[in-house]
Amino acid sequence: MNTAAIQAKIARGNARAARKVLPSMDLSLQKRLAMDILSVGQRKVWIDPTKKYEVLEAKSREAVRQLIREGVIRLKNCPGVALPAHLRRTKPVAAAADAAAPDAAAATAVPVAEPAKPEAPKEEPKKSFWSRLRGN
């Protein structure tokens, strides 16, 4: 039975008959496909609760992509990670300084040569070490 017929039964008040033909509302496949397509985690995928029957019929990636285009499935509006207070204060100042003189940082940068590291003595292979101990 298609979703229109099920919704018509529910609208007429025949919820008991509609419950018998309702498929299980397990949207885990659609949610997993949407997570993979949108490249986000499970908590960031939002499915329109009024269109769950349409989402339930989507069994392929292409069908889920179509639902994403239509706006039935989308990203949740999750707040980002809050910056600490000292970063919030200095961020506008640093941005203003960069905007005022974009080449200043590159012009004043002095290349620093890394000190040469002394070579460590090479280790003797284990086989020759043991053969030397044995006297071979």
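This is a predicted model: local features need pLDDT of at least 70, side-chain atom pairs count only at pLDDT 80 or more; totals for chains, interfaces and linings use all residues.
**Entry 1. Cover over α3**

I then listed which residues of α3 are buried, and found Q30, L33 and A34. Seen down the axis of α3, these buried residues fall within an arc of 100°, so they line one face of the helix. I noted the general point beside this: an α-helix has 3.6 residues a turn, so residues three or four places apart point the same way.

**Entry 2. Q30**

Is Q30 buried or exposed? Its relative accessibility is 1%, and the cut-off for buried is under 20%, so I put Q30 down as buried. I next checked what the side chain of Q30 reaches. One of its polar atoms lies 3.2 Å from the backbone oxygen of V55. The side chain of Q30 also reaches the backbone oxygen of A58, at 2.8 Å. With neighbours within four places in sequence left aside, I listed V55, L56, A58, K59 and V64 as the contacts of Q30.

**Entry 3. L33**

I moved along helix α3 to L33. L33 has a relative accessible area of 6% and is therefore buried. Not counting residues up to four places away in sequence, L33 touches K59, S60, R61 and V64.

**Entry 4. α3 against α5**

How do α3 (residues 28-38) and α5 (residues 61-70) pack, and at what angle? I noted an angle of about 75° and axes 10 Å apart. Roughly perpendicular covers 65 to 115 degrees, so I recorded α3 and α5 as roughly perpendicular to each other.

I then wrote down the residues that meet. From α3 they are Q30, L33, A34, D36, I37 and L38, and from α5 they are R61, V64, R65 and I68. By class, this contact has six nonpolar, one polar and three charged residues. The buried residues Q30, L33 and A34 of α3 are among those that meet α5.

**Entry 5. After the helix**

Last, I looked at the residue just after α3. S39 takes a positive phi there, of about 55°.

Note on methods: Residues are numbered from 1 along each chain as its sequence is written. Side-chain values use heavy atoms; hydrogens and water are left out. Axes are lines fitted to C-alpha atoms, for helices over the stretch in contact, and angles run from 0 to 180 degrees between N-to-C directions. Helices (H or I, at least four residues) and strands (E, at least two) are DSSP runs, numbered from the N terminus. Angles under 35 degrees count as roughly parallel, over 145 as roughly antiparallel, 65 to 115 as roughly perpendicular and the rest as oblique. Contact means heavy atoms within 4.5 Å. Ala, Val, Leu, Ile, Met, Phe, Trp, Tyr, Cys and Pro count as nonpolar, Asp, Glu, Lys and Arg as charged, and the others, Gly among them, as polar. Buried means under 20% relative accessible area, exposed over 50%, partly exposed in between (1.4 Å probe, protein chains only). A polar contact is a pair of N or O atoms within 3.5 Å; within protein, one must be able to donate a hydrogen and the other to accept it, and residues adjacent in sequence count only if both atoms are side-chain atoms. The arc is that of the directions from the helix axis to the C-beta atoms.
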